[in-house]
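Please read it with the sequence and the structure side by side.

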Amino acid sequence: MENEILKKLREIQLTTEKIQEYEKNRIQKWDRENTYHIENESAKNPFYCLVMFPYPSGRIHMGHVRNYTIGDAVARFKRLQGYDVLHPMGWDAFGLPAENAAIKHKTPPAKWTYQNIDAMRKQLKRMGLSYDWQREIATCRPEYYKWNQWIFIEMMKRGWAYKKTAPVNWCPKCETVLANEQVVDGCCWRHEDTPVEQKELSQWFFKITEFAEKLLEGHKKLEGKWPERVLTMQKHWIGKSEGTIAQFPLHEASKEALGSSYDKLKKEALEIYTTRIDTVYGVTYMALAPEHPWLDSIENPQFKQAIDAFREEVKKVSLTDREEAKDKKGLFTGIYVTHPFTGEKIPVWTANFVLATYGTGAVMSVPAHDERDFAFAKEYNLPIQYVVFPKEGEIPEDAAFTEYGILKNSGPYSGLSSAQARQKMTHDLKEKGMGDFKVQYRLHDWLLSRQRYWGTPIPVIYCDSCGIVPEKEENLPVVLPEEVEFSGSSSPLKDMPEFLKTSCPQCGKEATRETDTMDTFVDSSWYWARYISPRKEDGIADKKSAKKFLPVNEYIGGIEHATMHLLYARYFAYILNDLDVLEIDEPFAKLTTQGMVIKDGRKMSKSLGNIVDPDDFLQNQGADTIRLFSLFAAPVEKDLDWSNEGVEGALRFLKRLYRFVMGLKFVNPDLTLMQTVPEKKPTSSRGKKIWQKTHETILTVTKDFESLSFNTAIARLMELLNDLYAEFFSEDGEKLKVEKSSYELELLSFSVSSLLAMLFPVAPFLSLTLLEELGLKEEKELKWPQADEKEAQKSEVVIVVQVNGKVRDKISLPVDIEKEAALQTALQSEKIRKYVEGKEVKKQIYVPKKIINFVVG
């Protein structure tokens with residue numbers, strides 16, 4: 001028998017072939033049985049776990065692996081806790097890459113996209129991700145984007161979707177408009193080497209600014225549940241400020257530059273917005289955006305030619321780059337305005353850093369108290385007049401003083417504090433009819449028009465008789481033709497009369513369809529709601545089911561979406577609530593932003609040659625290994641540095657676990673699944689140790705999972721396995737034999753079952769395989785283990801003993817031992833006695849449960 005045990009233990013090895021076999025069989029079983037599908041009606045204890053859905057590029061990368069493994073661990077954990085988990089997956093399928101691929105490979109974007117979806121779906125299933133695939137959506141399908149169009153029309157009815165001509169960011173490589181959020185360091189967010197330009201175009205917008213205050217107010221509900229960094233980024237992007245509108249009337253000295261236009265403009269005043277009206281006595285020039293309409297009225301060639309050239313030059317720079325421009329450039333326009341307080345003549349310049357889309361497109365420039373104005377004044381030798389001074393100390397030399405202080409050189413307002421002056425000056429302007437208090441936002445309306453093909457068609461029609469007309473609801477969706485050919489880089493819709501030509505929904509006459517498509521961020525702004533009822537034909541989501549599952553309990557994705565997707569999704573939640581589609585305020589109750597996967601200290605990139613293909617590891621080490629490494633190697637919110645050695649370490653742990661459980665089961669055939677705490681406590685010394693360790697591990701790992709601290713949870717599971725190995729495993733099999741009279745069999749059944757159940761969300765394939773060896777019949781029977789807090793308390797604790805600050809011994813003492821008893825026990829240690837005998841113990845330091853230090857001399 002002994003030889004048989006030794007032989008069997010040597011044979012128990014987790015091989016690549018075994019891994020591939022049980023992972024393949026499990027995937028087929030999950031597919032066959034639709035294991036993770038839930039019905040809305042039967043969900044009694046709902047929990048909605050969602051990861052940001054991917055663009056179907058064709059292959060998953062390690063960033064996908066990490067993100068989706070985090071979400072899957074949460075979903076599996078919550079199922080074990082008894083929740084009815086909604087855990088769907090879909091595809092953010094519209095977008096420019098498909099169009100570029102179509103041009104390059106002469107393949108219609110639809111065909112390319114659907115092929116990629118099929119490939120990536122297989123990869124995600126191979127990862128063991130527990131998605132409800134019956135809820136799968138793809139935003140490029142008409143049954144999905146029909147509701148983009150319906151929402152657009154409803155918003156159009158309410159004035160929340162509108163068209164206007166405006167300066168826009170233009171990517172020459174994409175040949176389309178970009179929202180401000182899509183301009184990164186002056187370049188297109190898709191093409192990091194392509195500078196963005198400006199164009200004047202007639203575009204469609206969503207009126208997100210009308211919800212600016214609500215977006216800010218909503219942060220109160222999200223505090224402590226969303227990363228503070230995300231909330232801060234959104235607050236900055238929305239950019240609320242409280243200030244003053246002030247009017248500077250046109251001065252008669254402008255006649256020379258304006259010519260005949262002067263009489264028309266003299267009835268107007270140059271209106272500006274400022275948060276620092278207290279500095280108004282320091283205004284030495286005004287600055288207009290190059291797009292400001294006053295510049296169109298300049299007739300004098302002396303000014304007009306130079307200004308026109310300047311305006312053309314500025315068009316080559318993106319709006320974002322202009323706002324952040326280090327080089328301040330401008331021209332004097334020949335126009336003057338009158339100071340509303342002093343009556344002085346103020347010259348008007350045009351400057352590259354002033355934007356028509358922010359405020360009024362004009363600013364009062366106070367170089368003494370604004371760094372940007374200061375730099376411009378220095379560049380063009382303009383006057384600098386200090387009017388606000390610090391309460392203590394001096395004005396900085398050759399620099400702007402931008403703090404609040406006490407006013408001087410400010411007429412009747414001198415001596416007031418900045419706060420007092422802002423109130424008094426604004427009140428006085430209001431009394432004179434030249435200004436008022438105003439709240440302003442940095443946030444712009446959402447520019448959603450895209451001059452590309454592969455996106456949702458904007459459902460409006462242009463009729464010579466009726467103007468701009470929305471499509472009738474019964475005619476939705478306006479279907480995007482999928483069989484197309486690209487003759488160039490522009491949208492083929494413009495050359496497709498079967499799409500372009502239609503009849504007016506109002507008068508029936510011949511009319512033309514809009515060829516612009518929607519920004520793809522529209523698709524991802526409400527997809528979280530569509531998962532509730534993905535096949536519903538007469539609405540976005542079943543309202544009763546939506547009320548049950550929303551808001552999303554756990555939303556997981558990258559922080560790079562803080563000011564685009566996450567802001568837009570919140571906005572759409574408000575819209576859908578106002579449209580009576582949903583009863584919801586915020587879409588995501590809790591947000592987790594995971595770090596990137598990097599290699600060799602750098603972001604994975606094809607150009608850097610540091611890409612890691614998940615398929616290679618799936619074939620050799622298996623899905624469990626990649627999942628385990630991805631969750632163990634770094635905290636969720638930190639970047640994960642890929643390490644092949646770390647992957648091998650994860651595999652060694654799984655092999656060790658397999659050998660221990662299978663060896664234990666072979667030697668003790670009565671070892672069985674036990675999901676409740678045994679009634680009898682073990683009496684053996686090793687049994688007592690594992691009993692306490694198991695209860696402690698269950699409690700701490702549960703807390704770790706609740707906070708998504710998967711790395712520490714896995715470390716604790718590894719510790720438990722190490723302790724089990726130390727007490728119950730030996731190569732000769734002797735330790736594997738349990739003492740039935742000491743209740744070790746019950747203990748091990750409970751401890752091993754608990755270990756495997758806690759590992760299941762991380763490594764589901766091996767965990768289920770081993771649990772079935774213990775007697776688990778159905779996955780749905782598996783529960784998260786429970787523990788007794790009292791039993792988790794250690795009866796003994798290891799104390800470090802030092803002599804003169806150097807560690808000389810470690811001793812085990814009762815947890816509740818008194819100080820004197822602890823010191824005496826330490827002094828009786830042979831290792832300590834040799835350092836203190838014959839010497840005077842000058843001081844005894846005791847930190848309960850941690851350290852003892854004897855100072856001798």
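Helices (H or I, at least four residues) and strands (E, at least two) are DSSP runs, numbered from the N terminus. The model is predicted, so local features need pLDDT of at least 70 and side-chain atom pairs count only at pLDDT 80 or more, while totals for chains, interfaces and linings use all residues. Residues are numbered from 1 along each chain as its sequence is written, and side-chain values use heavy atoms, with hydrogens and water left out.

**Second largest pocket**
- On a 1 Å grid over the protein atoms alone, a pocket is an open set of points with protein on both sides within 12 Å along at least five of seven lines, and lining residues have an atom within 4 Å of a point.
- The second largest pocket has a volume of about 550 Å³, and of its 22 lining residues T35, Y36, R79, E779 and K780 are the closest to its centre.
- Two or more lining residues come from each of α2 (16-33), α3 (62-80) and β2 (84-86), and α3 gives the most, with three residues.

**Cavities**
- A cavity is a set of grid points where a 1.4 Å probe fits but cannot get out, and the structure holds two of 30 Å³ or more.
- The largest cavity holds about 100 Å³ of space, and its lining includes R190, R450, W454 and D519.
- The second largest cavity, of about 30 Å³, is lined by M674, Q675, S753, S754, A757, K783 and P785.

**Hairpin**
- Seven bridges join β13 to the antiparallel strand β14 (residues 345-351), and Y336 has P347 as its bridge partner in β14.
- Six residues lie between β13 and β14 in this hairpin, and G343 in the turn has a positive phi of about 80°.

Notes:
Points joined across faces, edges and corners; volume = space filled by probe spheres on them. Pairing = 2+ DSSP bridges.
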